[in-house]
Amino acid sequence: MATRPFKELVADLPPERRAKIERRKRAIRAEMPLYELREARELTQQQIAGLLNVNQAAVSKMEKRTNMYLHTLRNFIHAMGGELDVIARFPDGDVRINQFKDIEKTRP
């Protein structure tokens with residue numbers, strides 16, 4: 001059985017179907033645990049460890065935590081090239097919490 005690259009398979013689909021796939025792809029990318037985000041950015045735990053000046057085991061522990069300091073999370077996201085925003089969502093609108101911007105000054 002011959003195989004074809006996914007891009008070719010998608011290219012043969014009707015535009016509505018391609019649009020639906022694209023929406024689903026964006027939804028999946030919009031929410032993921034840290035380890036998946038790191039992998040999606042094609043980074044290893046060892047690379048993140050080097051950027052954070054910790055060992056690989058510490059990165060592994062960070063990725064498994066369900067509760068961590070904002071400072072730690074912000075540094076992890078920064079090591080991957082991103083920025084962390086804290087957003088509170090309410091029925092009448094979202095609010096970006098800005099009291100944490102001083103954390104930026106304490107980043108190594």
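Select Asp 85 to start: Asp 85 is partly exposed, with a relative accessible area of 41%. Here buried means under 20% relative accessible area, exposed over 50%, and partly exposed in between, with a 1.4 Å probe and protein chains only. Before going on, note that this is a predicted model, in which local features need pLDDT of at least 70 and side-chain atom pairs count only at pLDDT 80 or more, while totals for chains, interfaces and linings use all residues. Residues are numbered from 1 along each chain as its sequence is written, and side-chain values use heavy atoms, with hydrogens and water left out.

**Stop one: the partner of Asp 85**

Arg 96 makes a salt bridge with Asp 85, and their closest N and O atoms are 3.2 Å apart. This pair links distant parts of the chain, since Arg 96 sits in strand β2 and Asp 85 in the loop between α6 and β1 (86–90), 11 residues apart. Arg 96 is exposed, at 53% relative accessible area. A salt bridge here is a side-chain nitrogen of Lys or Arg within 4 Å of a carboxyl oxygen of Asp or Glu.

The whole structure holds eight salt bridges. Go to helix α2 (residues 15–30), where Arg 26 and Glu 22 lie four residues apart, about one turn of the helix. Their salt bridge has its closest N and O atoms 3.8 Å apart. Arg 26 is partly exposed at 49%, and Glu 22 is partly exposed at 29%.

Next, pick Arg 38 and Glu 39, whose side chains meet in a salt bridge of 4.0 Å, N to O. Arg 38 is buried, with a relative accessible area of 7%, whereas Glu 39 is partly exposed at 46%.

**Stop three: the whole chain**

Zoom out and colour by secondary structure. Helices (H or I, at least four residues) and strands (E, at least two) are DSSP runs, numbered from the N terminus.

The C-alpha atoms fill a box of roughly 55 × 40 × 20 Å along the principal axes. Of the 108 residues, 19% count as buried.

**Stop four: the core**

Select Leu 34, Leu 43, Ile 48, Ala 49, Leu 52, Val 59, Met 62, Phe 76, Ile 77, Ala 79 and Met 80, the 11 residues of the largest nonpolar core. The elements giving two or more residues to this core are α4 (45–52), α5 (56–64) and α6 (70–79). Such a core is a set of buried Ala, Val, Leu, Ile, Met, Phe, Trp, Tyr and Cys residues joined through side-chain atoms within 4.5 Å.

Which residues is Leu 52 in contact with, leaving aside neighbours within four places in sequence? They are Met 62, Asn 75, Phe 76 and Ala 79, where contact means heavy atoms within 4.5 Å.

**Last stop: strand β2**

Finish at Val 95, which is in strand β2 (residues 93–97). Val 95 is partly exposed, with a relative accessible area of 40%.
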